[in-house]
Amino acid sequence: MRKFLGAFALLAAGTLQAAIPATPVMTVYEFNGPLEVPYFNISDLSRAGTLTQGTSLIPCLPIRDGKPLTDRSGTPYVGFEIVVDPRQASRASTEVFKRAVAARKALKVKNHHCPASVRHVIGIRDLYALEKAPSFDPPRASGGRAESGVSELDRLVRAFHASSDCEGANVKLTGRRPALKRAWDDFIRDHADLGSPTTLARAMHLDYVMRTAIYEGHLGRGCNAYGACERNIIALSIRNRAVGQCRKNQGCSFPGDFQGAASSVSQYNIWDEYLTQISGLTSCFLRPDLASDDRYVKLQAMYAQSQPDVERILFGDDADLGEVFPENSLADLTAMRHYYHAPAMGKCFPNHDRVEYMSGAVARKGDDFALIANTRIQVGAKSGDGYTFQEFRFEEASDRDLVRIEDNYPGFLVDARKVSLRAPGSCPAYGIPSGCRSGTVGRYRKTPNWLNDGKPLGIICRLSDRGESCRGGGATTTVEVGGVCDKEMRPVAGVR
């Protein structure tokens, strides 16, 4: 990487004017796609090899006969220099990635042309500008107080997290989902002294559901009542996908297959290959020696808060459901298998004119070319075979999207073939029905086609509230999550 970064640094620091942002660090990513993604020889676009999902790289535009290399529609192929290869990654790769991201953000260049040494290209549509670094648990340390657990299943889950089997599942960055399954199989095989096969299997199912409930929910809510209720609802959705209705297309292989229903990538995208590399979803976060690490302290507290309720949801009876979710119809509770998380859904900006998402396009200014990829732009006036444009940037605040328009490519024209000027599709405020709007609207979100097929539920939980910091006293309270107008989470019953 030193040689590649050096070429761009010289361009920025030399006599040529540095006017535009350098290309960002980008990541090979296709949701639930094949592990290996092909790249090609620059000379004839013949297949040259593969990159693994999660590979981070620095892209550039190869110039041939004075023009960037694109397909017939104008979508560019890009040269690349690898930052982190997941097949060879280690704990040190986390800092390598962070330094590269920071360096690229600070760099200004004249254009995005490749150095002459670049010999391979990849399709830009396989790349996204994602800034989360590879995640590894800290090295195991001595000490730490092991929690005894509040039930037999809880004790077994904690024993697994503290075992070498769990640790081995996260040594490599790739293949963590199947590695976690193998780790549990090994733990169950080698620890028959800890419980019956049925009990050990139940502990495995509980561990998977707890992982999904924690990471599928809003981590920032910590142990507050809404966040804990959210986790219980996610666990309930998994329970209902494995009890009473067990469908292979939802990950369930047999009645009671909570593990399969909880870790189906098509249903819970957090189990995707790349997302397991950055999230810690498959980590051993209950390790006793991590109890002094702030991040793990919070995860352990969230687990401890929700585990008793989740165990009752999975393995209890109707009376248990009634106690965890008071004041709710049992028929509604057992029919709830879907929910809509509005803030995490597709972003849209109907109050801003001529805003378009560019998966990959080339912009030109004389003989200089720039890569415009994985970003939104506000399209300006047409000029020849291109359009003027500005970058359309936004940040997600707690209740709104904070928009800013930046003129980062003055004088450049984006390829007109990549501009549609189509009117935006349906995009309700907060992803909720129009009758719910009140006050100033802060964000708009797309909605899935199934959302109106079922019955929206407001689910009430009775639980302890320890606050976002997870340091509160844990006073018992009731909280409602969902309903037609909830801007955060909307459970739905009866969707098939």
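**Close-up views of a predicted model**

**View 1. Lining of the second largest pocket.** Strand E14 gives the largest share of the lining of the second largest pocket, four residues, where strands (E, at least two residues) and helices (H or I, at least four) are DSSP runs numbered from the N terminus. This is a predicted model, in which local features need pLDDT of at least 70 and side-chain atom pairs count only at pLDDT 80 or more, while totals for chains, interfaces and linings use all residues. Residues are numbered from 1 along each chain as its sequence is written, and side-chain values use heavy atoms, without hydrogens and water. Both E13 (347-348) and E14 (355-358) supply at least two lining residues each.

**View 2. Centre of the second largest pocket.** The volume of the second largest pocket is about 690 Å³. Of its 27 lining residues, Val355, Glu356, Tyr357, Arg422 and Pro424 are the closest to the centre. A pocket is an open set of points on a 1 Å grid over the protein atoms alone, where a 1.4 Å probe fits, with protein on both sides within 12 Å along at least five of seven lines; lining residues have an atom within 4 Å of a point. The volume is the space filled by probe spheres set on the points, which are joined across faces, edges and corners.

View 3. Helix H7 (residues 225-242) has 18 residues and reaches 26 Å from its first C-alpha to its last, close to the 26 Å expected at 1.5 Å a residue, the expected span being 1.5 Å times one less than the number of residues. In H7, 18 of 18 residues are buried, that is, under 20% relative accessible area with a 1.4 Å probe and protein chains only. Gly244, which follows H7, has a positive phi near 90°.

Key
Buried < 20%, exposed > 50% of the residue type's maximum accessible area, 1.4 Å probe, protein only.
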